[in-house]
Amino acid sequence: MFPEILMENPRSSVHPFGLETFKQEAMMHARHFSSPYSGTIEDAITGTASGVMGAYYLTYLDEEATNIEFIVEQGTEVHKDGQVLVNVSREQDRIDVYISGTGVYVRELHVKYDG
């Protein structure tokens, strides 16, 4: 399913998530399937997407909450466990998101800049 979506939209990625977790301390579990242009198939941890999950949580899953902090686990399926601590607060029409977490070394990448 995801390979077809990514082939149709080659510069996109897919970030499925759920509320069922492997670790008791985590509140959400996620995976991140990357664009073919990224050089990877699946990310071990994706901080920016985890931050979006925090905003999603306040917007759609708990519309009454004004502040929440939780852990997103990711990377279990690729044997590179990671987690992101997400702190989200809402004030009127503004949502602030802060993330921090762990990561793993995957590989070194050299980028050439022609500018």
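First, the ground rules. The model is predicted, so local features need pLDDT of at least 70 and side-chain atom pairs count only at pLDDT 80 or more, while totals for chains, interfaces and linings use all residues. Residues are numbered from 1 along each chain as its sequence is written, and side-chain values use heavy atoms, with hydrogens and water left out.

Overall layout. The chain has two helices and seven strands. Helices here are DSSP runs of H or I with at least four residues, strands are runs of E with at least two, and both are numbered from the N terminus. Along the sequence the pattern reads α-β-β-β-β-α-β-β-β. Taken along the principal axes, the C-alpha atoms fill a box of roughly 45 × 35 × 30 Å.

Some totals for the chain. Of its 115 residues, 30% are buried; buried means under 20% relative accessible area, exposed means over 50%, and partly exposed is in between, with a 1.4 Å probe and protein chains only. Among contacts with a separation of 6 or more, 46% are between residues 24 or more positions apart, where contact means heavy atoms within 4.5 Å.

On charges, there are 8 positive and 18 negative, and their mean positions are 10 Å apart. Lys and Arg count as positive, Asp and Glu as negative, and His and the chain ends are not counted. Each charge is placed at NZ of Lys, CZ of Arg, CG of Asp or CD of Glu.

Now the sheet. In what order do the five strands of the open sheet lie? The order is β1-β2-β5-β6-β7, with mixed pairing. The edge strands are β1, residues 17-18, and β7, since each pairs on one side only. Two strands are called paired if DSSP finds at least two bridges between them.

Next, β2, residues 28-30, runs parallel to β5 and is joined to it by three bridges; A30 has Q74 of β5 as its bridge partner. Strand β5 is then joined to β6, residues 82-91, by eight bridges in the antiparallel sense. Two of the bridge pairs there are I68 with V88 and N67 with S89. Finally, β6 and β7, residues 94-101, are antiparallel over eight bridges, with R90 partnered by I95 in β7.

Why is β5 described as largely enclosed by the rest of the structure? Because six of its eight residues, in the range 67-74, are buried.

That leads to the core. A nonpolar core is a set of buried Ala, Val, Leu, Ile, Met, Phe, Trp, Tyr and Cys residues joined through side-chain atoms within 4.5 Å. The largest one has 12 residues: M28, A30, M53, Y57, L58, A65, I68, F70, V72, V84, V86 and V88. At least two residues of this core come from each of β2, α2 (47-61), β5 and β6. To take one member, V86 touches S50, G54, I68, E69, F70, V72, V97, Y98 and I99, leaving aside residues up to four places away in sequence.

A44 sits in the loop between β4 (42-43) and α2. Its relative accessibility is 9%, so A44 counts as buried. The C-alpha atoms of A44 and G82 are 6.7 Å apart, although the two residues are 38 apart along the chain.

H79 is in the loop between β5 and β6 and has a positive phi of about 60° without being a glycine. Is H79 buried or exposed? Exposed, because its relative accessibility is 74%. Q92 is in the loop between β6 and β7, and the hairpin of these strands has two residues between them. Q92 is not a glycine either, and its phi is positive at about 55°. With 77% relative accessibility, Q92 counts as exposed.
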